[in-house]
Amino acid sequence: MADATTFDYIIIGAGSAGCTLANRLTEDAAARVLVIEAGASDRDPIIQVPLGWGKILSERLHDWGYFTEPEPHLNNRKVECARGKVLGGSSSINAMAYVRCHPADYDRWAASGLDGWSYADTLPYFKKSEDWDEGGNAIRGSGGPLTTIRNKYPDPLVKAWFTAGQAAGYPFTDDFNGAQNEGFAMMQSTIRRGRRCSAAVAFLNPALKRPNLTLWQKTLALQLVLEGNRATGVEVARNGTTHTVRATRSVIVSGGVINSPQLLMLSGIGDPSELAQHGIACKVPLSGVGKNLQDHISCGIEFERKGDGPFVGYLRADRIALAMAQAYFFGTGFATEMPGPVVAYLKSRPDLIQPDIQFLTRFVPPESQPWFPGFRQRPKDAFMCRPVVLHPTSRGEIKLRSNDPRTPVAIHQNFLATEADWQTFRTGFDMVRDVAHQKALDPFRGREINPGENVKSRADIDAYMRRTAWTVHHPLGTCKMGVESDAMAVVDNKLRVRGVDGLHVVDASVIPDMPGGNINAPIIMIAERAADLIRGRQPLAPERL
């Protein structure tokens, strides 16, 4: 191979984890770091303006374009699986929610034998990465690279939702990332001065000013180079040719929940029988590669809105264009926020130690297209709430289709494969309807659009769920972190791939089981801690509250 180049660390993937690692590893001025990213620049204004998220998702912009295989429990529908193919990865195309999840999630990991991953161990890394716009305290961080804000969406429906939630018997929490996770709350987001604060903005861009960081965009990792039981480099396709780049300290796979297991399997790390089906010689037998896939599932209960909220007015073509420009150039105005401001973390049963249901709201009409008098009719306003199953027991997998790195894998999410998930989903659906029919929402709530007021029986509701349920875009778990006795574990508690020296996986794929909320903040936390582990530094001291 031509143009062999040597670095201390090679990071494969410039997503949330890869950007964080690039920043922290290059703090050592003597360490030469290469970041390989299959996507391109994140300079597209539609990425930078928060309100652009709807267009990004609906048109699959800056995205790998993945879909699942036909889902057997969702009427054999193929469910979209948006994953970022751009600097910043999915943090450049997501809804910008900043959610640390519940302390019990991390204590559960530690109780399974994963030393160093309790809430006390992870809290200092959450704080290290964060710059909370309301100032730091014992739980929140200040001065870190990642700006986090409390949304201030100007709509009277926000207060009505809070009142309705409390009338239904649920608590309110001022800060779900603080001392109390449970309850209704205002969403928090990774937004800085009115623009998206992705992992690229927060971590990668500042690090690119350092001479010891090299970034290769539009570069596809083909396979890992293994010499004996050590990873020594990566074969990549770049500028129409194939290169081998070498790492003297570590190769770090941060391609994400879909691409990381694919790269391991293409490199001969995985289940021997599955690799043999594609003519790949097994170099390191690890049956858990690609297994343990999990994701959050939801469906929408949608209502017409009496009168119009602020969003419909701003959807007028001239106003939305002005708002987008104002947000991009000045960081001000309506387009700097998302019209889904209310979130809730709730228990379906009082005996649970943590919430198992999330509510996500959306204060927009079904057809959120720009309109203008005489050209397109003003849409009828509406609002939606989605119940989310926070701790699914269903498990899917990633499977190779080919030994060609350019061929997408087969994604089997296996949503709603267990009765436990169905029961939680049904309960969450009923909880949304109960809150939505509280008196506080009477001035705003029109007829139920979806599934419709006549959909009342369990069978009809189940049918609606099968027909409409979709992902919340939190896939994880396909390179599971676990103890040595766990046959499905791919990495250990220091994120080292079992049976291979000089190889780490650091991204959503290592998360052993689903935390209770959006996962971008936990991924960044994992990468923060991984950087210390990889550099051989003493981890930050635990902080017990």
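The tour goes from the cores to helix pairs and then to strands.

Before you click, note that this is a predicted model, where local features need pLDDT of at least 70, side-chain atom pairs count only at pLDDT 80 or more, and totals for chains, interfaces and linings use all residues. Residues are numbered from 1 along each chain as its sequence is written, and side-chain values use heavy atoms, with hydrogens and water left out.

**Stop 1: the cores**

Select Leu21, Leu224, Ile269, Leu503 and Val506: these have the most contacts inside the largest nonpolar core, which has 107 residues. A nonpolar core here is a set of buried Ala, Val, Leu, Ile, Met, Phe, Trp, Tyr and Cys residues joined through side-chain atoms within 4.5 Å. Buried means under 20% relative accessible area, with exposed over 50% and partly exposed in between (1.4 Å probe, protein chains only). Now colour helix α14 (residues 520-535), which gives the most to this core, with ten residues. Helices (H or I, at least four residues) and strands (E, at least two) are DSSP runs, numbered from the N terminus.

Then show Ala160, Trp371, Val389 and Val455, which belong to a second, separate core of 60 residues.

Go back to Leu224. Which residues is leucine 224 in contact with, leaving aside neighbours within four places in sequence? Among them are Ile12, Val234, Val251, Leu263, Leu264, Ile269 and Leu503, where contact means heavy atoms within 4.5 Å.

**Stop 2: helix α8**

Leu263 and Leu264 lead you to α8, where both are buried. Select residues 256-266: eleven of the eleven are buried, so helix α8 is largely enclosed by the rest of the structure. Just after α8, check the backbone of glycine 268, which takes a positive phi of about 90°.

**Stop 3: two helix pairs**

Show side chains including Tyr125 and Phe126 in α5, and Ile524 and Met525 in α14, at the contact.

Next, pick helix α12 (residues 419-436) and helix α13 (residues 458-468), whose axes come within 11 Å and cross at roughly 100°. Residues making this contact include Trp422, Phe425 and Phe429 of α12, plus Ile461, Tyr464 and Met465 of α13.

**Stop 4: strands**

Select strand β19 (residues 342-346). Is it buried or exposed? Five of its five residues are buried, so β19 is largely enclosed by the rest of the structure. Val342, Ala344 and Leu346 point one way, and Val343 and Tyr345 the other. Strand β7 (residues 183-186) pairs with β19 in the antiparallel sense over four bridges, and two strands pair if DSSP finds at least two bridges between them. Glycine 183 sits opposite tyrosine 345. Strand β20 (residues 357-362) also runs antiparallel to β19, joined by four bridges, with leucine 360 opposite valine 343.

Finish at the open three-stranded sheet, in the order β5-β6-β8 with mixed pairing. β5 (130-132) and β8 (188-189) stand at the edges, each with a single partner strand, so one side of each lacks a neighbour in the sheet. Zoom in on glutamate 130, opposite leucine 146 in β6; β5 and β6 (residues 146-150) pair in the parallel sense over three bridges.

Methods: Axes are lines fitted to C-alpha atoms, for helices over the stretch in contact, and angles run from 0 to 180 degrees between N-to-C directions.
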